[in-house]
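Let's take a walk through this protein together, from its overall build to a few side-chain pairings. Have the viewer open as you read.

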Amino acid sequence: MNLYSLLLSLITGCFLLAQGGTSFSSPVETEKSAVTAQSILEKADEIRFPQDSFQVNVAIRTAAPDHAEDLYRYQVLSKGNENSIVMITEPASERGQAILMKGRDLWVFMPSVSQPIRLSLSQRLTGQVANGDIARANFTGDYHPQLLRNESIDDEDYYVLELTGIDRSVTYQKVLLWVNQSNFRPYKAEFYSVSGRLLKTSRYENFDNILGEMRPTRIIMEDALKSGEVSVLDYSDMKLRDLPDKIFTKDYLKRLE
């Protein structure tokens, strides 16, 4: 290549760079551009709860301006986010009740009733907490995600996902979920009805190293329709546990203690 051709090549290259014809991205920019709404949601779900079979205790305290605080305690057995059992351990008057989830089908067993009763995910369990909030914490399996926007809060960058229910059986028809861009931890969520009305908001707090991930151990749910009504969910004693398929059946509910 002669000197003239070399100069021409350099000038052409500089022109293309100026026009945006060729660009070079930093590793961080390349990584962010490769992130999809689906992968963000999957990573956030993996942080919220293990993908393996596990057991966890949940205490739910509900406060409202017009009545005293309520306290319920549950033990949750979960396998693959498709099968779970929620057992009430407190108050003593309701001990022995259990909820079975298979897929998005729910039944409740009560010692005083001979047959399990069918429930919906969206029915209220206690306070601001729906059955699906405890029994089926699986956004990935229930919603179609879309990356709505990026947002900065207190010097932290977040992905804002819009989650649309795959059908009418899901707990909420639409969810907005804020996910930290640097570590994929869920930050907060807004839950909406079919008509688009905001029902409640939640915040994910008290992250702790549990089973190899920094997971939220507290979720604060606030009623968007009634000021001052708040439910606080505290998770404790999470551990992996081998759970055979046979326990996730309606017949087996009667044998749970």
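**A buried ring and its surroundings**

Tyr143 counts as buried, at 4% relative accessibility; buried means under 20% relative accessible area, exposed over 50%, and partly exposed in between (1.4 Å probe, protein chains only). Before going further, please note that this is a predicted model, in which local features need pLDDT of at least 70 and side-chain atom pairs count only at pLDDT 80 or more, while totals for chains, interfaces and linings use all residues. Residues are numbered from 1 along each chain as its sequence is written, and side-chain values use heavy atoms, with hydrogens and water left out.

Tyr143 forms an aromatic pair with Phe139, edge-to-face, at 5.9 Å centre to centre and 70° between the planes. Rings of Phe, Tyr and Trp (its six-membered ring) pair if their centres lie within 6.5 Å; planes under 30 degrees apart count as stacked, over 60 as edge-to-face and the rest as tilted. Phe139 is buried as well, with a relative accessible area of 8%. The whole structure holds seven aromatic pairs, and Phe49, Phe54 and Tyr235 form one aromatic cluster.

Now step back to the whole chain. It has six helices and 15 strands; these are DSSP runs numbered from the N terminus, helices (H or I) having at least four residues and strands (E) at least two. Of its 257 residues, 42% count as buried.

What is inside? The largest nonpolar core has 47 residues, and Phe139 and Tyr235 are among those with the most contacts inside it, along with Val58, Ile134, Leu163, Leu177 and Leu233. Helix H3 gives the most to this core, with five residues. Such a core is a set of buried Ala, Val, Leu, Ile, Met, Phe, Trp, Tyr and Cys residues joined through side-chain atoms within 4.5 Å. Apart from this core lies another, of 12 residues, including Met87 and Trp107.

Leu233 shows what such packing looks like: not counting residues up to four places away in sequence, Leu233 touches residues including Val58, Ile134 and Ile219, where contact means heavy atoms within 4.5 Å.

Next come the charges. Side chains of opposite charge can pair when their charged atoms come close. A salt bridge is a side-chain nitrogen of Lys or Arg within 4 Å of a carboxyl oxygen of Asp or Glu, and by this rule the count comes to 15. In helix H3 (residues 37-48), Asp45 and Arg48 lie three residues apart, about one turn of the helix, and they form a salt bridge with the closest N and O atoms 2.5 Å apart. Asp45 is buried at 4% relative accessible area, and Arg48 is buried at 7%.

Asp167 and Arg104 also form a salt bridge, their closest N and O atoms being 3.3 Å apart. Asp167 lies in the loop between strands E10 (156-165) and E11 (174-180), and Arg104 in the loop between strands E4 (98-102) and E5 (105-109), so the pair ties together parts that are 63 residues apart in sequence. Asp167 is partly exposed at 31%, and Arg104 is partly exposed at 25%. Both residues belong to a network of salt bridges that also links Glu82, Arg136 and Asp142.
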